[in-house]
Amino acid sequence: MPSDDEIRAILHEPGISNGMKNVLSAAIDRDPVDAVIYAEFLAIVLRHWVEVIQSEALAAVAIRRAKWRLNSLLAG
């Protein structure tokens with residue numbers, strides 16, 4: 001587990017996004033156990049969000065393919 005100084009060093013890295021820096025800055029002021037609980041909850045929520053978006057995209061592709069097949073059958 002990184003120390004407070006290591007986290008502060010990460011905050012000064014130019015390759016780290018501002019969004020990640022904001023999250024780390026907020027986390028360092030909290031109880032570390034609470035910060036981990038919040039991070040895990042956030043990961044669950046964001047993972048679900050991505051899964052919903054991916055499912056919707058896959059459904060849209062399947063619908064387009066089904067319409068194309070139906071049109072091909074009707075035209076043929």
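Helices here are DSSP runs of H or I with at least four residues, strands are runs of E with at least two, and both are numbered from the N terminus. Asn22 sits in one such run, helix H2. The model is predicted: local features need pLDDT of at least 70, side-chain atom pairs count only at pLDDT 80 or more, and totals for chains, interfaces and linings use all residues. Residues are numbered from 1 along each chain as its sequence is written, and side-chain values use heavy atoms, with hydrogens and water left out.

**The largest pocket**

- The largest pocket has a volume of about 520 Å³.
- It is lined by 18 residues, and Leu24, Ala27, Ile28, Ala35 and Val36 are the closest to its centre.
- Helix H1 (4-11), helix H2 (18-28) and helix H3 (32-75) each give two or more residues to the lining.
- A pocket is an open set of points on a 1 Å grid over the protein atoms alone, where a 1.4 Å probe fits, with protein on both sides within 12 Å along at least five of seven lines; lining residues have an atom within 4 Å of a point.
- The volume is the space filled by probe spheres set on the points, which are joined across faces, edges and corners.
- The lining divides into 15 nonpolar, 1 polar and 2 charged residues.
- Ala, Val, Leu, Ile, Met, Phe, Trp, Tyr, Cys and Pro count as nonpolar, Asp, Glu, Lys and Arg as charged, and the others, Gly among them, as polar.

**The surface patch**

- Leu42, Leu46, Trp49, Val50 and Ile53 form a nonpolar patch on the surface.
- Together these residues have about 460 Å² of accessible area, computed by the Shrake-Rupley method with a 1.4 Å probe, with only the protein chains shown as cover for residues.
- Patch residues have over 30% relative accessible area and no salt bridge; nonpolar side chains (Val, Leu, Ile, Met, Phe, Trp, Tyr) are joined within 5 Å, like charges within 9 Å.
- A salt bridge is a side-chain nitrogen of Lys or Arg within 4 Å of a carboxyl oxygen of Asp or Glu.
- Leu42 lies in helix H3, and its C-alpha is 24 Å from that of Leu58, 16 residues apart in sequence.
- Leu46 is also placed in helix H3.

**Exposure, residue by residue**

- Buried means under 20% relative accessible area, exposed over 50%, and partly exposed in between (1.4 Å probe, protein chains only).
- Leu42 is partly exposed because its relative accessibility is 40%.
- Leu46 is partly exposed at 38%.
- Val23, in helix H2, is partly exposed at 44%.
- Asn22 is exposed, because its relative accessible area is 54%.
- Asp29, in the loop between H2 and H3, is exposed at 67%.
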